[in-house]
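This briefing is meant to be read with the model open in a viewer.

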Amino acid sequence: MTDSFDAYVFDLYGTLVDYTSLGASCASFAPQPESFVLAWRAKQVSYTFAATLMDRYIDFDTITMMAFDYVAASNDHAPSTAERSAAIAAWSLLPAYADVVPALVALRSRGAKIAILSNGTPRSIATTIENANIAKYFDAVLSVDTVRRFKPHPSVYDLVCEQFTMTPERIAFVSANGWDATGAAEFGFRVYWCNRGQMPAETMGAKPTRVIASLAEFVD
């Protein structure tokens, strides 16, 4: 069983909910929907980095739309207005991974605080976790909208410390995104990188406390 902490904080997209399921909403206009989704996600993340570096905050919902339009254009796809709207709306309908609810139930039994820290907007996060049937497990849901910067900026991770009045070393942070895990480790969290995609380790920045294959491994 993993070490005991005072708070457990989770990234949302790719960690708790599965964005690869977006492929179904892109199949009508993208001949290779899985590849389209991966490119969409990559451009979405790169735009969050660029927005923070330029000190020009654009909320995550808008960035998601911008990234979609870029990837569609770069692949010469011409989705209709309805197809575009359906694909973007599907971000709020992402299913939770099968290991999520058992892990959250196990952590709640320890009496620790549980939170989400996400690049998403407050409204989108709330809608997504309600639709995924996991909203009831969290004591706090934190959005980068508060600081108007995206992960991995330190001010984002500091939201958790402020929320729970805790020092970073008392907080376990779980993310499936390697760059997010590195950013959280640099900040001082005890980081568990849930490497769902069996990706190579990041070669820059602090290393996570542990690398796990699933949330089941995290709690048991």
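Predicted model: local features only at pLDDT ≥ 70, side-chain atom pairs only at ≥ 80, totals over all residues.

**Aromatic pairs**

- A search of the whole structure gives 22 aromatic pairs.
- One of them joins Phe 29 and Phe 68, an edge-to-face pair with 5.6 Å from centre to centre and 75° between the planes.
- Phe 29 is in the loop between α1 (23–26) and α2 (33–53), while Phe 68 belongs to helix α3 (residues 60–74), so this pair ties together parts that lie 39 residues apart in sequence.
- Phe 29 has 10% relative accessibility and Phe 68 has 1%; because buried means under 20%, both residues count as buried.
- Phe 173 and Phe 189 make a stacked pair, because their planes are at 20° and their ring centres 5.8 Å apart.
- This pair also links distant parts of the chain, 16 residues apart: Phe 173 is in strand β4 (residues 171–175), and Phe 189 is in the loop between α8 (178–187) and β5 (190–194).
- Phe 173 and Phe 189 are both buried.
- Ring pairs also build a cluster out of Tyr 13, Tyr 19, Phe 29, Phe 36, Trp 40, Tyr 57, Phe 60, Phe 68, Trp 91 and Phe 150.

**Charges over rings**

- Lys 43 is placed over the face of Tyr 70, 4.1 Å from the ring centre.
- Arg 196 has its charged end over the ring of Tyr 97, at 3.8 Å from the centre of that ring.

- Strand β1 (residues 7–10) and β2 run parallel and are joined by four bridges.
- Tyr 8 has Ile 114 as its bridge partner in β2.
- On pairing with strand β3 (residues 140–143), β2 again shows the parallel sense, over four bridges.
- Ala 115 stands opposite Ala 140, a residue of β3.
- Between β2 and β3 the chain passes through helix α6 (residues 122–131), and this β-α-β crossover is right-handed.
- Strand β2 (residues 113–118) is largely enclosed by the rest of the structure, because five of its six residues are buried.

**Phe 10**

- Phe 10 is located in strand β1.
- Its relative accessibility is 0%, so Phe 10 counts as buried.
- Beyond residues up to four places away in sequence, Phe 10 touches Leu 16, Leu 104, Leu 107, Ile 114, Ala 115, Ile 116, Leu 117, Phe 138, Val 174, Leu 215 and Phe 218.
- Among these, Ile 114 is the bridge partner of Tyr 8, and Ala 115 is the residue opposite Ala 140.
- Gly 23 is 13 residues from Phe 10 along the chain, and the C-alpha atoms of the two are separated by 24 Å.

**Asp 180**

- Asp 180 is part of helix α8.
- With a relative accessible area of 0%, Asp 180 is buried.
- Neighbours within four places in sequence aside, the contacts of Asp 180 are Asp 11, Lys 151, Tyr 157, Phe 173 and Ser 175.

Technical notes: Residues numbered from 1 in each chain as written. Heavy atoms only, no water. Phe/Tyr/Trp six-rings, centres within 6.5 Å; stacked < 30°, edge-to-face > 60°. Helix = DSSP H or I, 4+ residues; strand = E, 2+ residues; numbered from the N terminus. Buried < 20%, exposed > 50% of the residue type's maximum accessible area, 1.4 Å probe, protein only. Lys NZ or Arg CZ within 6 Å of the ring centre and 35° of its normal. Pairing = 2+ DSSP bridges. Right-handed = clockwise from strand over helix to strand, strands pointing away. Contact = heavy atoms within 4.5 Å.
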